[in-house]
Structures are given as C-alpha cells and as structure tokens.
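Open the structure in your viewer and keep the selection tool ready. We will go stop by stop.

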Amino acid sequence: MKGFGVATMALGLGGLYGTAHASGKKGAGPAAQGECKLLPLSYPYDALDPWIDRQTVTIHHDKHHAGYVKNFNTALRKLSEARASDDFSLIKHWSRELAFHGSGHVLHTLYWENMSPKGGGKPTGELMAAMGKSFGGFDQFKKQFAAATKAVEGSGWGIMAFEPFRGYLTVLQVEKHQDLTIWGVYPLLVCDVWEHAYYLKYQNRRAEYVKNFFNLINWPEVEKRYTMAKRLVKYR
Ligand code: MN
C-alpha cells in the first residue's frame, strides 16, 4: 500500500468514498447508489482566521458545498431512475449535473481537508521526494502552483495531482470543473468517439459503432484495472 500514499492524498478518495456515504434511502424513486452527505469540518469555522474568515468558511461550507452534495445526490437518483425505467432521454442533462456537482463535492472535500489551523511549512518524506522528482524541488513546485492557480481564467481551481500513467506529480489549471468529469476518478473502460475512430466504416452512425464496441471489450483487463483502482480507496 505504501506506493499509493501520494496517490490517495492527491486524489482524496478517502474523504469521498467511505465515511461520506449516506444511506441512499431518502427521496422519491429508487435509492441511488453511493449517495453522499456533507461532512462537518474537522475544525471550527473560525479556525482558519486570519487567513480565511469565519463568515467565508461558514457560507462556503454550509451553503455552497452543501448545494453540491444535494444536487450530486439528485443526479445520482435521477440516473438510477433512468436505469430503472430504461428512459435515457435526459442523459445529457443528468450527466452534466453529475459531473458538475460531483466534481464540486470532491474538490470542496479535498479543499477543506487540505487546510488546517496548524498548516504551513513544507512536506516531508515520500511527498517531498516526489516533488523533487517531479518539479525539481519544493520551491519550484510552489512557484508553478502559485502561478498556475493565479492565472486560472474565471472560476476554477489550482490542483496538484498524481498522474498515475507516468507516476509523477503534476500541476493543473481547472477552469470548469464540470467538463465533464468527476475529479479523482480512475478510468477503467474507455470508448473513443472522435470521428476518426469510426467514420470510415460507420460514417455518422456512432450509435452502431458504440453498440459493436461491446463485442470487443476485454473484460479481464477492465477488471484488473478495477482491482488496482480499488486500492486507492482509503476507507470502505
Ligand atoms: Mn467553492
């Protein structure tokens, strides 16, 4: 498990998947899988003062973050209803809602957990070593992170993440956190729907291509990746 320490921290899966789970029983229609609830802060609302004030933290957590959780659960329920009734006519709408509010919930959970009244200083151990390998050192990371975060256009986030394909840390600017993912996901099965992937044979018949894609899926490989991804979950 040691090698996954940085990844777990960067992806922050623990705070979302596990202790944050709600029962999924509330609301109309069938219960949705894995509904979430808003976790209380692990510190008082004024604990980040003077750097972030009590009123900002209170409104941010109790109103903004709470709204993401509520609407994420609504999207999960609506998608559960869609599967139950085999009615996917609103799939674009609910997929967007899922991505927007799911990402909002994940990123705010990480944001609160990333801060502490006793914070500051520098990382140590494996994380510091990873910064040396990835950025050339803490100071270089700090400069890049600050520059990238400051330069995000409009609303968004500065993010340091673990990129598992190379095994390096990286800094990303996120301008629209809903486009169209939930941060921290680990892809298991992907289907290319850029036109170059199917146009010569299928032209505009993308649905037919996607249907036939199911004849090709290497499920043992997908399952292997699922087993790997499960190891990133800190709590169950
Ligand atoms: Mn926010």
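**A guided tour**

Start by selecting Asp86, which is found in the loop between H3 and H4. Helices here are DSSP runs of type H or I with at least four residues, strands are E runs of at least two, and both are numbered from the N terminus. This is a predicted model: local features need pLDDT of at least 70, side-chain atom pairs count only at pLDDT 80 or more, and totals for chains, interfaces and linings use all residues. Residues are numbered from 1 along each chain as its sequence is written, and side-chain values use heavy atoms, with hydrogens and water left out.

Most residues other than glycine have a negative phi, and most peptide bonds are trans. Is Asp86 buried or exposed? Asp86 is exposed, with a relative accessible area of 61%. (Exposed means over 50%, buried under 20%, and partly exposed in between, using a 1.4 Å probe and protein chains only.)

Next, select Gln203, in the loop between helix H7 (199-202) and helix H8 (206-213). Gln203 is not a glycine, yet its phi is positive, near 50 degrees. Gln203 is partly exposed, at 31% relative accessibility.

Now pick Asp49 and Pro50. A cis peptide bond joins them, with omega about 5 degrees. Pro50 sits in the loop between helix H2 (13-16) and H3.

**The metal site**

Select the manganese ion. Which protein donors does it have? They are His60 (NE2) and His108 (NE2), 2.1 Å from the ion. Donors are N, O and S atoms within 2.8 Å of the metal (3.2 Å for Na, K and Ca); water is not among the atoms, so sites may look incomplete. His60 lies in helix H3 (residues 54-85) and His108 in helix H4 (residues 91-114), so the pair ties together parts 48 residues apart in sequence.

Zoom in on His108. It is buried, at 5% relative accessible area. Leaving aside neighbours within four places in sequence, His108 is in contact (heavy atoms within 4.5 Å) with residues including Tyr68 and Trp157.
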